Amino acid sequence: ALRVDLLAGLDTLRGLEEHRAKLLGRLLEITSLARVTVERGLARAAAARSADLEVARAFQALGGE
């Protein structure tokens, strides 16, 4: 009876470990996607600021205020 209980417990533990591994894989994928999204957003924001600065400099060069 003890052996049966131990084997059932090990099966439960194995199932929980498999579930944990799946969740960890999902978390790693989400983290990677979030990192890429943030990096792209920051790059776009930097490009927009750079373009705005170039326009302001051109306007000043043309005698604008």
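This is a short tour of a predicted model, from the whole chain down to two residue pairs.

Residues are numbered from 1 along each chain as its sequence is written, and side-chain values use heavy atoms, without hydrogens and water. As the model is predicted, local features need pLDDT of at least 70 and side-chain atom pairs count only at pLDDT 80 or more, while totals for chains, interfaces and linings use all residues.

Start with the protein chain in cartoon. It has 1 helix and 0 strands (DSSP runs, numbered from the N terminus: H or I of at least four residues for helices, E of at least two for strands). Its C-alpha atoms fill a box of roughly 95 × 10 × 5 Å along the principal axes.

Colour by accessibility next. Buried residues make up 0% of the 65 (buried is under 20% relative accessible area, exposed over 50%, partly exposed in between, with a 1.4 Å probe and protein chains only).

Now select Asp11 and Arg14. They form a salt bridge, with the closest N and O atoms 2.9 Å apart (a side-chain nitrogen of Lys or Arg within 4 Å of a carboxyl oxygen of Asp or Glu). The two are 3 residues apart in helix H1 (residues 2–61), about one helical turn. Arg14 is partly exposed at 48%, and Asp11 is partly exposed at 46%.

Finish at Glu17 and Arg20, also in helix H1 and 3 residues apart. Their salt bridge has its closest N and O atoms at 2.6 Å. Glu17 is partly exposed at 39%, as is Arg20 at 45%. The structure holds 2 salt bridges.
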